[in-house]
Amino acid sequence: MNIDDVITSSVVNAIRQLYGASVTEQQVQLQKTKKEFEGHLTLVVFPFLRLSHQKPEETAQQIGLWLQQNEPAIEKFNVIKGFLNLSISQCYWLKLINSIHADKHYGVTEATADAPLVMIEYSSPNTNKPLHLGHVRNNLLGWALSNIIKACGNRIVRTNIVNDRGIHICKSMLAWLKWGNGETPQTTGKKGDHLIGDYYVAFDKHYREEISQLIPKFLAQGLNEEDAKTKAEQEAPLIKEAHAMLVKWEQGDPEVRALWNKMNSWVYAGFDETYRALGVSFDKIYYESQTYLVGKAEVEKGLKEGLFVRHEDGSVWADLTNEGLDEKLLLRKDGTSVYMTQDIGTAKLRFQDYPIDKMIYVVGNEQNYHFQVLSLLLDRLGFKWGKDLVHFSYGMVELPNGKMKSREGTVVDADDLIAEMIRTARQTSEELGKFSDMSSQEKDKIARIVGLGALKYFLLKVDARKNMMFNPAESIDFNGNTGPFIQYTYARIRSILRKAQEEQFAVPETVAEDIEVNQKEQDLIQHLADFKTAVSQAGTEYSPSTIANYCYDLVKEYNQFYHDYSILHEENIGRKQLRLVISENVAKVVRTGMDLLGIEMPERM
RNA sequence: GGUUCCGUAGCUCAGUUGGAUUAGAGCAACGCCCUUCUAAGGCGUGGGUCCUGGGUUCGAAUCCCAGCGGAAUCACCA
């Protein structure tokens with residue numbers, strides 16, 4: 001029932017009738033008519049000149065006339081150069097809005113039992129420090145992406161791989177043992193992930209002190225500056241101790257494992273809190289401590305099958321020179337696994353657990369090379385989706401004063417950021433007098449919805465693959481192309497619908513088909529119809545920003561409508577019904593779109 | 001140096017299956033609009049070598065080639 005499809009097939013017919021030639025639907029270029037011209041849809045006739053053997057204007061004229069006579073949806077047309085502007089007939093707009101109105105889940109396709117199964121990995125935190133702004137972008141993208149892919153009719157599994165083992169967590173553990181005095185989240189009142197992060201920082205501080213003390217010693221032995229530094233980094237007692245702890249961990253030392261379990265559980269409790277605040281969740285969580293051995297086994301197997309090679313020192317490598325890449329290390333000479341090995345193991349487990357048709361990894365673009373290699377390796381190891389795995393690569397979040405660097409203390413902590421956004425939302429609402437008649441419970445709820453909406457929209461509206469600038473001050477600006485602007489418009493529509501209900505004016509199931517639909521109403525209906533296209537496009541391009549910008553455009557257009565026309569006070573009953581139906585469907589579509597992005601909508605604000 | 005990605009208004013970003021003499025938003029600046037459905041709003045003014053140069057085409061911000069600028073990566077880190 002999409003207008004584009006209807007016209008497209010009519011054009012195909014027209015070409016056949018007029019010129020006796022057949023064209024495919026893809027050759028029919030239909031686009032929205034520019035505002036300066038009369039009409040709704042514009043057909044570009046240049047591609048048909050070869051068939052008509054006539055001038056652009058004449059060809060357009062002929063096709064236009066044929067459509068006007070044979071296609072009921074076309075009321076009139078005009079021709080400018082090679083552009084045929086078509087005006088859609090009145091009754092068609094009403095049919096269109098009625099069909100959108102009747103579809104409660106408009107734009108969303110339910111997955112069937114045999115729909116493709118798509119697994120989406122995102123978040124993937126390390127257990128030695130709290131989540132920061134970069135993770136926030138990752139989590140929001142992963143969540144939005146999975147929603148969109150689901151809305152396109154796929155079955156999805158949201159997954160997370162927690163990097164819970166390795167030298168980094170040993171550093172925190174060691175620091176806690178040395179300087180922790182038995183502190184726990186309970187005794188300090190700190191979130192577990194922040195507590196662990198503090199010890200990681202403490203380790204780093206002491207470690208660097210040791211290094212700076214050792215460097216002069218190695219310089220005195222005649223090493224140059226760089227070598228002395230490297231040597232000091234290797235020889236510092238703290239790092240040696242941490243390595244020893246890692247070895248103990250791998251051997252399953254009960255004490256180390258018990259400490260590891262205890263401290264990780266603190267971190268997970270902290271992460272869960274952040275995830276809950278962000279509104280993201282997972283269907284299945286994998287832990288590297290459970291997958292790295294699988295990866296090692298898989299590499300050993302591959303080695304036996306001749307897929308990989310073992311060097312003289314015992315290390316195992318994949319030769320990817322035929323694919324235009326280098327050799328890639330898979331197992332160290334001491335037999336321990338590297339990042340790539342773990343990812344292979346994780347992939348293997350996932351493949352055993354689910355009949356995955358497609359795998360998407362939401363991981364930053366600094367790992368583009370890693371995923372290029374992983375794809376080749378998984379393919380070589382026989383995973384059917386290996387070759388087609390998608391690395392949903394997103395850009396870094398930059399700050400006005402440069403990149404986020406933990407050393408320089410320029411990291412934006414996720415929990416702090418969320419709290420700050422909510423606090424600012426509350427303050428703004430109070431200043432604007434929005435809270436006058438609300439309970440404190442409702443105030444809390446709206447401050448949270450608006451604050452998080454601002455944050456989420458700010459991060460999602462930008463094309464994921466681009467590096468983006470996060471200006472903390474601007475992000476809290478709720479004007480313009482922002483989440484709160486969209487939420488605000490939504491709340492106003494809901495208010496209108498409530499008032500209509502209060503005055504016993506029922507929004508009809510269908511709009512009577514004898515109403516005249518004016519230009520602005522037509523534009524809005526057309527815009528609503530485009531939502532399906534926006535969702536499917538976002539699904540194929542994996543781009544939540546498509547949905548975000550669609551919603552902004554729609555809401556902006558509705559705002560103009562809201563100011564130019566009365567809705568509740570409209571005298572003509574049919575017109576009032578139409579405008580209420582349009583309003584309700586703008587709200588419906590915007591809510592659906594924002595829901596895909598993981599942004600909540602307030603009934604009032 | 002190799003590979004990948006990016007370059008659009010002072011700033012942050014849309015727009016790219018090639019389309020229309022004026023390439024769009026928001027922010028920032030200036031001006032107007034709250035006895036009328038929520039002013040977190042609307043309307044208006046100013047602001048552009050779409051990085052540069054070639055090519056393909058009836059037609060290029062969009063596609064191709066070369067160059068310039070920026071980012072990431074090319075670890076027995078994860």
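The model is predicted, so local features need pLDDT of at least 70 and side-chain atom pairs count only at pLDDT 80 or more, while totals for chains, interfaces and linings use all residues. Residues are numbered from 1 along each chain as its sequence is written, and chains are lettered from A and ligands numbered from 1 in the order in which they are written.

With 15 other C-beta atoms within 10 Å, Gly574 is partly exposed. The scale behind that word calls a residue buried if 20 or more other C-beta atoms lie within 10 Å of its own, exposed if 12 or fewer, and partly exposed in between, with C-beta atoms placed from the backbone. Gly574 and Ala277 are 297 residues apart in sequence, and their C-alpha atoms are 44 Å apart in space.

Stepping back, chain A holds 21 helices and 14 strands. Its C-alpha trace spans about 90 × 65 × 45 Å along the principal axes. Of its 605 residues, 41% count as buried. Among contacts between residues at least 6 apart in sequence, 73% join residues at least 24 apart. The domain assignment gives domain 1 (3-88) and domain 2 (164-279); such bounds come from an automatic or database domain assignment. Taken over C-alpha atoms, the centres of domain 1 and domain 2 are separated by 69 Å.

What lies inside? The largest nonpolar core has 154 residues, of which Ile148, Ile547, Cys551, Val586 and Val590 touch the most other members. Both domain 1 (3-88) and domain 2 (164-279) contribute at least three residues to this core. A nonpolar core is a set of buried Ala, Val, Leu, Ile, Met, Phe, Trp, Tyr and Cys residues joined through C-beta atoms within 7 Å. Not counting residues up to four places away in sequence, Cys551 touches Ile486, Val590, Gly593 and Met594.

RNA strand B is surrounded by 72 residues, and the closest are Thr42, Asp463, Gly480, Ala491 and Leu568. Here a residue is near a strand if its C-beta atom, placed from the backbone, lies within 6 Å of it. Several elements each supply at least two residues of this surface, including β2 (41-44), α15 (414-431), α18 (483-502) and α20 (544-564). By class, the surface has 27 nonpolar, 28 polar and 17 charged residues. In this count Ala, Val, Leu, Ile, Met, Phe, Trp, Tyr, Cys and Pro are nonpolar, Asp, Glu, Lys and Arg are charged, and the others, Gly among them, are polar.

The strands can be followed next. Strand β5 (residues 117-121) is mostly covered, with 4 of its 5 residues buried. It runs parallel to strand β6 (residues 155-162), joined by 5 bridges; two strands pair if DSSP finds at least two bridges between them. Glu121 stands opposite Thr159 in β6.

An open sheet is formed by 3 strands in the order β8-β9-β10, with antiparallel pairing. Because β8 (309-310) and β10 (327-331) stand at the edges, each with a single partner strand, one side of each is left without a neighbour in the sheet. β8 is joined to β9 by 2 bridges, and Val309 has Trp317 as its bridge partner in β9. Strand β9 (residues 316-319) pairs with β10 over 4 bridges; Ala318 stands opposite Lys328, and Asp319 opposite Glu327.

Finally, some backbone angles deserve a look. Most residues other than glycine have a negative phi. Ser123, however, has a positive phi near 85 degrees. Ser123 is found in the loop between β5 and α5 (133-151) and is buried, with 24 other C-beta atoms within 10 Å. Gln504 also has a positive phi, about 65 degrees, and lies in the loop between α18 and α19 (519-541). Gln504 counts as exposed because it has 6 C-beta neighbours inside 10 Å.

Technical notes. Two residues are in contact if their C-beta atoms, placed from the backbone, lie within 7 Å.
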